[in-house]
Amino acid sequence: MNAPPTPGMLRALPAEHRQRLMRFAREVSFPQGARIFEEGGTADRFWIIRTGTVALDMRVPGRRPAVIETLGHHELIGWSWLFSPHVWHLGAEATSPVRAHEFDAGAIRLICQEDPALGFAVAQWVGGILAHRLHSARTRLLDLYAPYGSGSLL
């Protein structure tokens, strides 16, 4: 499939890298309420949202999963596929009907190994998203579980 690139990729990746990645995209859909992946599961694919919303959540012992962040149009679902041991660090659930581009993580890791410039660009793109998500997770967990005034945001 030769799908159009997404704005997140437009800002982060040179055109030739975007086009190469999008050759591996396939369109998928998830109904509202579908679990896209579970924390601790094998991270063997990733998605870029075309339409709809997805909640990223984290298991909290003795409580309902805490929603860390809600993702929407053109955002990347999943980063754990890029880093060993390729296990999801969060869970994801469709909070509305979702259409997305799905990528086979193994195939993308392989082309990144074969083309170091592409691999570096993908690592920078995903690394930037990872840094943002970790900050969001920290902020959200402080909001939910820390006593008022016990921490400061950096």
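Modeller: Residues are numbered from 1 along each chain as its sequence is written, and side-chain values use heavy atoms, with hydrogens and water left out. Because the model is predicted, local features need pLDDT of at least 70 and side-chain atom pairs count only at pLDDT 80 or more, while totals for chains, interfaces and linings use all residues.

Biologist: In what order do the elements of the chain run from the N terminus on?

Modeller: Helices (H or I, at least four residues) and strands (E, at least two) are DSSP runs, numbered from the N terminus. The chain has 4 helices and 8 strands. Their order is α-α-β-β-β-β-β-β-β-β-α-α.

Biologist: What percentage of the residues of the chain count as buried?

Modeller: Buried means under 20% relative accessible area, exposed over 50%, and partly exposed in between, with a 1.4 Å probe and protein chains only. The chain has 154 residues. The part that counts as buried is 42%.

Biologist: Of the contacts with a separation of 6 or more, what share comes from residues 24 or more positions apart?

Modeller: Contact means heavy atoms within 4.5 Å. Among contacts in the chain with a separation of 6 or more, residues 24 or more positions apart account for 73%.

Biologist: Why is the pair of F30 and W47 called edge-to-face?

Modeller: Rings of Phe, Tyr and Trp (its six-membered ring) pair if their centres lie within 6.5 Å; planes under 30 degrees apart count as stacked, over 60 as edge-to-face and the rest as tilted. The whole structure has 7 aromatic pairs. In the pair of F30 and W47, the ring centres are 6.1 Å apart, and the pair is edge-to-face because the planes stand at 75 degrees.

Biologist: Where in the chain do F30 and W47 lie, and how many residues apart are they?

Modeller: F30 is in strand β1 (residues 26-30) and W47 in strand β3 (residues 45-51), so the pair links distant parts of the chain. F30 is buried at 15% relative accessibility, and W47 is buried at 2%.

Biologist: Is the ring pair of W47 and W88 stacked or edge-to-face?

Modeller: The centres of these two rings are 6.1 Å apart. W47 is in strand β3 and W88 in the loop between β6 and β7, 41 residues apart, and both are buried. The planes of W47 and W88 meet at 25 degrees, so the pair is stacked.

Biologist: Which residues do ring pairs link into a cluster?

Modeller: W47 pairs with F30 and also with W88. The cluster linked by ring pairs is F30, F37, W47 and W88.

Biologist: How much space lies in the largest cavity?

Modeller: On a 1 Å grid over the protein atoms alone, a cavity is a set of points where a 1.4 Å probe fits but cannot get out; lining residues have an atom within 4 Å of a point. Grid points are joined across faces, edges and corners, and a volume is the space filled by probe spheres set on the points. The structure holds 1 cavity of 30 Å³ or more. The space in the largest cavity is about 70 Å³.

Biologist: How do the residues of its lining divide?

Modeller: The lining is F37, L56, G78, W79, S80, W88, H89, L90 and R133. Ala, Val, Leu, Ile, Met, Phe, Trp, Tyr, Cys and Pro count as nonpolar, Asp, Glu, Lys and Arg as charged, and the others, Gly among them, as polar. The lining residues divide into 5 nonpolar, 3 polar and 1 charged.

Biologist: Which residue has its backbone nitrogen 3.4 Å from a polar atom of the S80 side chain?

Modeller: S80 sits in the loop between β6 (76-77) and β7 (91-94) and is buried, at 2% relative accessible area. Apart from residues up to four places away in sequence, S80 touches A43, H86, V87, W88 and H89. The backbone nitrogen in question belongs to H89.

Biologist: Is H86 buried or exposed?

Modeller: H86 lies in the loop between β6 and β7. A polar atom of the H86 side chain is 2.8 Å from the backbone oxygen of W81. With a relative accessibility of 19%, H86 counts as buried.

Biologist: How far apart in space are G78 and A43, C-alpha to C-alpha?

Modeller: G78 is in the loop between β6 and β7 and is buried, at 4%. In sequence, G78 and A43 are 35 residues apart. Their C-alpha distance is 7.9 Å.

Technical notes: On a 1 Å grid over the protein atoms alone, a cavity is a set of points where a 1.4 Å probe fits but cannot get out, and a pocket is an open set with protein on both sides within 12 Å along at least five of seven lines; lining residues have an atom within 4 Å of a point. A polar contact is a pair of N or O atoms within 3.5 Å; within protein, one must be able to donate a hydrogen and the other to accept it, and residues adjacent in sequence count only if both atoms are side-chain atoms.
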